[in-house]
Amino acid sequence: MTKQDTFTHDPVTFDIIQNGVQAVADEMFVAQVKTSMSAIIYEVLDLSTSILDAKGQIAASGAGIPAFIGVLDKAIHGILQKFPLDEIRSGDLFATNDPYYGGVSHLNDMVLASPVFSEGRLVAWVANIAHWNDVGGMVPGSMSSEATEIFQEGVRIPAVKLFDRGQENKAVLDILYVNTRLPDYLRGDLWAGIAGLRIGERRVLEIIEKYGTDTFETAIADFMDFGETRARAALKTLPEGTYRFEEEQDSGQVHKVEITITKDDFIVDLTDNPAQAGSSNSSREGTEIAVQLAFKSFTDPDAPGNGGFFRPLTVKTTPGTIFHVQEPGALGYYSEVEIRLFDMLLRALAHHFPGVVPAGNFASICGTVVGGPHPDTGRHYTIVEPQVGGWGAWQGNDGPSGQFSGFHGETFNCPAEVAEARYGLTVDQVALNPEPGGEGQWRGGKGIDVHYRVRAENNFLSVGYTRSRIPPWGVDGGLDGSCNYVEVLRTDGSSERHSFATNVEVNTDDVIRVVTGNGGGFGDPAKRSAEDLARDIRDEYLTPERAREIYGHEG
Amino acid sequence: MDNTITRVSTDVGGTFTDLVYFETDTSTGVQTVRTAKSDTTPPNFEQGVLNVLERGAVDVDAVDMFTHGTTVVINALTERKGAKVGLITTKGFRDVLEIGRGNRPDFFNLMYKKPTPFVPRYLRREIVGRMDYQGNEVMPLSFDGLDETLDLFRAEGVEAVAICLLHAYTNTAHEEALAQEVAKRWPEVAVVASHQITREWREYERTNTTILSAFVQPKAQRYLEKLETGLTEGGYKGRLYIMQSNCGVDSLEATKAVPITMVESGPASGFWGAAELGRIIGEPNILALDIGGTTAKCSLIEKHQVKIKTDYWIERNGKSAGYPIMVPVVDLVEIGNGGGSIAWVDDFGKMHVGPQSAGASPGPASYGRGGENVTTTDANLALGRINKDYFCGGTVEADMAALEKGFGKLSDELGVSPAEAARGIVRIANSNMVNALKLVSVNRGYDPRDFTLVVFGGGGPMHGVALGQELGVKKVVVPRGAPVFSAWGMMMSDLRRDYFVTKLQDADDHEALDSLLHHTMELAREELGREGVARDAVHLSPLIRCRYQNQEFGVEVPIPAGPVTADTLRKMVAEFHVRYKREYTYTLDAAVEITGIHLIASSEVGKLEIVPLPKSGAAPADAIKGEREVDYATEGTHVATIYNGEKLEPGMTFAGPAIIEDPGTTVVVHPGNTVSIDDFGNIHIETRS
């Protein structure tokens, strides 16, 4: 008996292999973050890495944001649809950014993937996806709220080989390099991704070498089954039935969902929804990701987010709708579509299963772009950042204040001291949103009210905020929260309010006021304890007048 | 006048207070070492120190140098037992503390609870006045409303005032004026301003750091004063040095002013010890691992240098964003896996080890103090790795019945034999620790094969070889005195201060950099001068922090500690590209900017020189106690030779499978390993075949 035979298929060996695969995904993630050249990758962490089994089921992911966890299986499926197995060989490296060919989100997000071979057979995939700054198209940065066709959004890479059996496909690389306004960045980000895959492949092979191909594959299969076991265990605790919900959007359109829960299935039916239009559309795969995120948060947040976990989940869509865009529809602002869906699913669940999820939160990426000349250096600067906002309350807890949306995780805001130096704006205040809203037995968390004072002429502002007209919802008698918006305070005393806007001119001493919503409240305000109210008033989360009006509190 | 130099260091840990006593006879060069342990005595930690001095039979009035490390600061923070703090900050910014950085590490948890600020909103008060990022005053400071603020603080029982104003890292004038004014209007209250602690940007981190420092200040001050009084009453006449988180020591006075710098003093001294050990044994690149009762901590040492950073956070993990403390702390990763970590089975039949620990009470099942859960220590005992007849150095009788009962329960839940359960615990604990070691090495671009693994703490030597083999390190070294290695490291420490100063400037402006460096070096000389260090005895190592324009990550580049000329700056920039490429794999054809400096100022303060141990000429066979069956978990069961660690001496070599038993720890030597004892009594284990 050799050393390892003692433990070939025991649970501890499986655990160690599974943890080892997670460590590989994390190492790939760190390697790519460190070597990437674009801030959106190394600061916003708009990237993800995965180890997948031969069929393209996710075994482990490394990600900075939850919205990017279940992405890469869809990409591998896209590759497997296009390439027969005998055309996938050791040393191949695939690329796709086209949602119509496994690219998932929008053209800015480039997927790179390599098959891993052992004993002559395909045993795994390593893959990553990252947001590239510019892939061509009609506007710098490639994303435009005005686009109507994918052709306007940049170069399409429809699942092709960048490397064929280790041989670089120079033609494709050359095409990539010329289809961008920022070739140095694209080149840097591309090679960072390739380097990450190479590390991943090497590490997976090290694990296989140590434990054997058969043990490795069995351990991964066991891990998938474990994920499924966790999901099914959670499903068993839910009441069977069909649950419908519909919700009006800022645009006036209505989104609809029907959720069916059986002993073995969780079916999300989105077939009855608005027709695709503009660039606010999601691919079917992107829609699945938003549904997966809600499913996992709802059922078992701590379980591994692997392929097995999502087996009980079925998503139904209608081609040609915003949740299942058809070629050549545009997808630049897919993320606000996905987060609206994620939020509606949570709301549907909150409606039918009170208490299982918190009241509504500000639920928008609140993408904010400000740019122009730096007043002190004259260099051009661009801020591209999501915003923090208020989260909903839940039974026994007030909601958290100033936190990124459910699509974000380890995303960090930019400190005022850094922003003033880097962008040359003056940050007049970083405060919690004082507007009313979100009152309840437990109150919603506060959004923010941040003021950027512009210090030069000819700066511009672009924003993509939803939940700007219809506020986050309250639960069980808790009041609704407040809305997300941007207000520009002009030097002449006038002001204007924006939610979706491109290239608004801002000049010296104009103030850009970023306001994000207060989260929804939970429970009847009348039940809030006098002690909590006294503390709210003391801490100025609540004015005495509002306390009297909503809570009947005479402090 | 006697011919001996006596050094004593004490290290207050979570469970035990350790002592190392080192006496050097200057006429013969002979060194005598004594170690002792006693229980840590919260909340009066100084009592434990005085106890261990007594237990170690230390004649306090003959001691020449006394160094001290303590967990008192981290304990006050984690137990939330500190002062009531009020904050004064710039108008418009009181909510910075509550908003924080907005991140949410627990991705799928919709009911994530943000860390609660240490100061509630009504005690966060604002004041008018503004600096810009270049340090220019754009609005003068106004004391309007200050009386009202201080009246509120008094009425609410505030014990310490924290001051943090925007851009105070680059211009301290407003903070200084405000701190003076507060002290003038309210002389009894403790006041600390952010610039006294850190000169780096990022207002959330700086504000939180200042508040946490204020929070621990009164308590730490009292503790240090009591310790000083206790020693003085015992006749101690020398200087008392306090271990800091940056691997240096500092004076009692300086530490009392900003006690937050002690936050990770325990681990820091161990890692410094590992770096110093590397110098002695000629190993520049070290992975250092300290396994205690509750946690394991590791750090990477490259070319003899410990890495000191200021992005340190407490209570930060996969479930919480934690709290930043922006002080110089040795770069470390800590996991909840130690000797006392409890093994448990989840609802899905999977076994886990830690982070829950059995602590000192009830302790592992085999301590026989009522602990029902088995721990890593119990698994090591069950597998014959620890000697049941020499448990805790023979001071505790192993309760084998309790052990059997505990494993019975665990193996029932898992559906495997008790021996398999025990092997599982060891393998899972090892897997957790390997992943921690990877975080400080492979995940930062280092190849463990270029490193020597140094293991210490009570549990380090038990797991070191298995971890070293898994990582493929050069070799594993168990230092002499491994169980009290942190206290040993303290004796090797220099008086050291790390100055991190943010000042954004272009990399072609040598005059600006010269001015910044000159002022910081002068400040360091002046401050160390106050500690009695002569000007020319201050050793200065400046590092310039630079990056490509507008990037986030950068590197530190060394520069000579003299005037900065256009030429030195050009060389620095050239070196930047080289270092950047090594770290990030590419270079850019872009402008370079300087974000500030990191100046290391240090001075030796009676550092211990280690001399070789004497040899009696004994053979390894003379150290053999016997043999027994040992289960090596992944490598089967073997009959191992048992050595008495106290009888090993320089020059001895032998092969595994073997166990080395020392009163404070057990070294597990695997089959195929080769062991050699160096001139200083350290155990070197070659793991490569």
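The domain assignment of chain B in this predicted model gives four parts, namely domain 1 (4-78 + 223-238), domain 2 (85-220), domain 3 (495-603) and domain 4 (620-686). Between domain 2 of chain B and domain 4 of chain B, the centres taken over C-alpha atoms are separated by 55 Å. Chain A, for its part, is divided into domain 1 (4-227) and domain 2 (358-523), and the contact between the chains takes 59 residues from chain A and 52 residues from chain B.

**Where chain A touches chain B**

- The side of chain A that touches chain B receives at least two residues from each of helix 1 (11-35), helix 2 (39-42), helix 5 (183-211), helix 6 (213-236), helix 7 (284-299), helix 9 (416-423) and strand 14 (426-432) of chain A.
- Helix 1 of chain A supplies the largest share of that side, ten residues.
- By class, the residues on the side of chain A that touches chain B comprise 26 nonpolar, 16 polar and 17 charged.

**Helix 15 of chain B**

- Helix 15 of chain B, residues 566-584, has 19 residues and reaches 26 Å from its first C-alpha to its last, which is close to the 27 Å expected at 1.5 Å a residue.
- Within helix 15 of chain B, the residues B:L569, B:M572, B:F576, B:Y580 and B:Y584 are buried, and because they cover an arc of only 75° around the axis, they are on the same side of the helix.
- The face turned away from the buried side of helix 15 of chain B carries the exposed residues B:D567, B:A574, B:V578 and B:R582.
- The buried residues of helix 15 of chain B pack against helix 1 of chain A, and also against helix 14 (510-530), strand 26 (539-548), strand 27 (555-558) and strand 28 (592-603) of chain B.
- Just after helix 15 of chain B comes B:T585, which takes a positive phi of about 75°.

**The domains of chain A**

- The C-alpha centres of domain 1 of chain A and domain 2 of chain A lie 33 Å apart, and ten residues of domain 1 are in contact with nine residues of domain 2.
- On the side of domain 1 of chain A that touches domain 2 of chain A, there are six nonpolar, three polar and one charged residues.

**Backbone details**

- A cis peptide bond, with omega of about 5°, joins A:E327 and A:P328, and A:P328 lies in the loop between strand 11 (313-316) and helix 8 (334-352) of chain A.
- In chain B, the peptide bond from B:G354 to B:P355 is cis, with omega near 0°, and B:P355 is found in strand 22 (residues 351-357) of chain B.
- A:A159, a residue other than glycine, has a positive phi near 55° and lies in the loop between strand 5 (121-131) and strand 6 (160-164) of chain A; A:A159 counts as buried because it has 23 C-beta neighbours inside 10 Å.
- A:A363 has a positive phi of about 45° although it is not a glycine, and its place is in the loop between helix 8 and strand 12 (367-373) of chain A; with 28 C-beta neighbours inside 10 Å, A:A363 counts as buried.

**Confidence in chain A**

- The mean pLDDT of chain A is 93, and 98% of its residues reach 70 or more.
- Over residues 1-6 of chain A, pLDDT stays under 50, and the model has six contacts beyond four places in sequence for these residues.
- Where pLDDT is low, the predicted coordinates should not be read in detail.

Conventions. Residues numbered from 1 in each chain as written. Chains lettered and ligands numbered in written order. Predicted model: local features only at pLDDT ≥ 70, side-chain atom pairs only at ≥ 80, totals over all residues. Domains from an automatic or database assignment. Contact = placed C-beta atoms within 7 Å. Helix = DSSP H or I, 4+ residues; strand = E, 2+ residues; numbered from the N terminus. Nonpolar A, V, L, I, M, F, W, Y, C, P; charged D, E, K, R; others polar. Expected span 1.5 Å × (residues − 1). Buried ≥ 20, exposed ≤ 12 C-beta atoms within 10 Å, placed from the backbone. Arc of directions from axis to C-beta. pLDDT = per-residue confidence, 0-100.
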